[in-house]
Amino acid sequence: MSNFTAAALRLALEGLYRTSPNPRVGCVIVDPSGAIVGQGSTQRAGGPHAEIMALRDAHEHGYSVIGATAYVTLEPCSHQGRTGPCCDALVNAGIVKVVASIADPNPLVSGRGFARLRAAGVQVEVGPGAEGSRELNLGFFSRMVRKTPWVRMKVAASLDGVTALPSGASQWITGPDARADGHAWRARACAVLTGIGTVLADDPRLDAREVQTDRQPALVLVDSALQVPLDASLFVADRAVYIYTSIENDSKMHALEARGATVVFMPNGRGKVDLAAMVRDLGCREINELHVEAGYKLNGSLVREGLVDELLVYLAPKLLGEGYGMLQWGPLTELSQALALDFTALDRVGSDVRLLARVAGRDRF
Ligand SMILES: [Zn+2]
């Protein structure tokens, strides 16, 4: 991977809290002398893509891009968006070569951008930075390929795996740095999912207020009996709220809709919400990354149904002994029944430890 691709990936990262449901993409334009003449990253959905931003950047500085190479972290689009197809913009600007990290995962458009560029005489190279671009956009790739979001379950626990005392007390087990870090993970997600038990116990807002972002993730609530109070704190201004339920209660439903929520009737036939159908429905609603912050019952149900892709775990240097664990699941009878995970990251956050653990094989799609 060249320095130019690395620079394009850094630009892509700038879109972490911004571009959803579009992918985070960066672009660097390099002139024939090897100088960077334009840089850009994808703006909010409906705004310009990275390639357009990089071309504008070059233009604003008076740099020529004729004969230049564009390094871009995803296949340039060939379809008509608000700013026109990026392929045409690159060709019309005089770009002669495109180095793209990876093809667009959308089966309806994958490869078309490259074909359009090649047809216009542009040299196309694909591959440098592919893994970094895919990881940064794993939720987008998941939604395009599997039709469901990438589901990340966040848990804060003591070193002995306790997430709440028998009394239910859970605030706060981890320190302020871990909580702020948790807000950053919410901010990058398209939606935060929780359960009615958490809402009734803690009345959380579950927004991303401890990071700089002008886009708040949507809130998804699993509420089988439609118990959520109309004045719950989760009704934050300008935020989409989806409530999944298994009962039909027209008056409560209308009251919630008047609050701005979307109520989805999705029963599983056993008095609960059909969680698998809910996750598929969230894919249809353009949710790329689904960030779960729920209690141990809902966590257990999501794991039992095979819906969790990754765990984001904060461990505090404390022992709490008896209490609730991370999830209600099992008991298993054999160790071989364990859900196998791969640790993918381990970091110190303030006085706590942050672990990322991916369900083995779940990212192969
Ligand atoms: Zn584009």
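This is a predicted model: local features need pLDDT of at least 70, side-chain atom pairs count only at pLDDT 80 or more; totals for chains, interfaces and linings use all residues.

Me: Which residues are the protein donors of the zinc ion?
Reply: The zinc ion has His49 (ND1), Cys77 (SG) and Cys86 (SG) as protein donors, at 2.0 to 2.2 Å. Their spacing in sequence is H-x27-C-x8-C. His49 sits in the loop between strand S2 and helix H2, while Cys86 is in helix H3, 37 residues apart.

Me: Switching topic. How many salt bridges are in the whole structure?
Reply: A search finds 19 salt bridges.

Me: What does Arg152 pair with?
Reply: The side chain of Arg152 meets that of Glu289 in a salt bridge, 2.9 Å from N to O. Arg152 is in strand S6 and Glu289 in strand S11, so the pair ties together parts 137 residues apart in sequence. Arg152 and Glu289 are buried.

Me: And Arg188, what does that meet?
Reply: Arg188 forms a salt bridge with Glu289, also at 2.9 Å. This pair links helix H7 to strand S11, 101 residues apart. The relative accessible area is 3% for Glu289 and 13% for Arg188.

Me: Which residues are joined with these into one network?
Reply: Salt bridges with shared partners join Arg24, Glu135, Arg152, Arg188, Glu289, Glu310, Arg358 and Asp363.

Me: What about Glu293?
Reply: Glu293 forms a salt bridge with Arg186, with the closest N and O atoms 2.7 Å apart. Glu293 lies in the loop between S11 and helix H11, and Arg186 in helix H7, 107 residues apart. Both are buried.

Key. Residues are numbered from 1 along each chain as its sequence is written. Side-chain values use heavy atoms; hydrogens and water are left out. Donors are N, O and S atoms within 2.8 Å of the metal (3.2 Å for Na, K and Ca); water is not among the atoms, so sites may look incomplete. Helices (H or I, at least four residues) and strands (E, at least two) are DSSP runs, numbered from the N terminus. A salt bridge is a side-chain nitrogen of Lys or Arg within 4 Å of a carboxyl oxygen of Asp or Glu. Buried means under 20% relative accessible area, exposed over 50%, partly exposed in between (1.4 Å probe, protein chains only).
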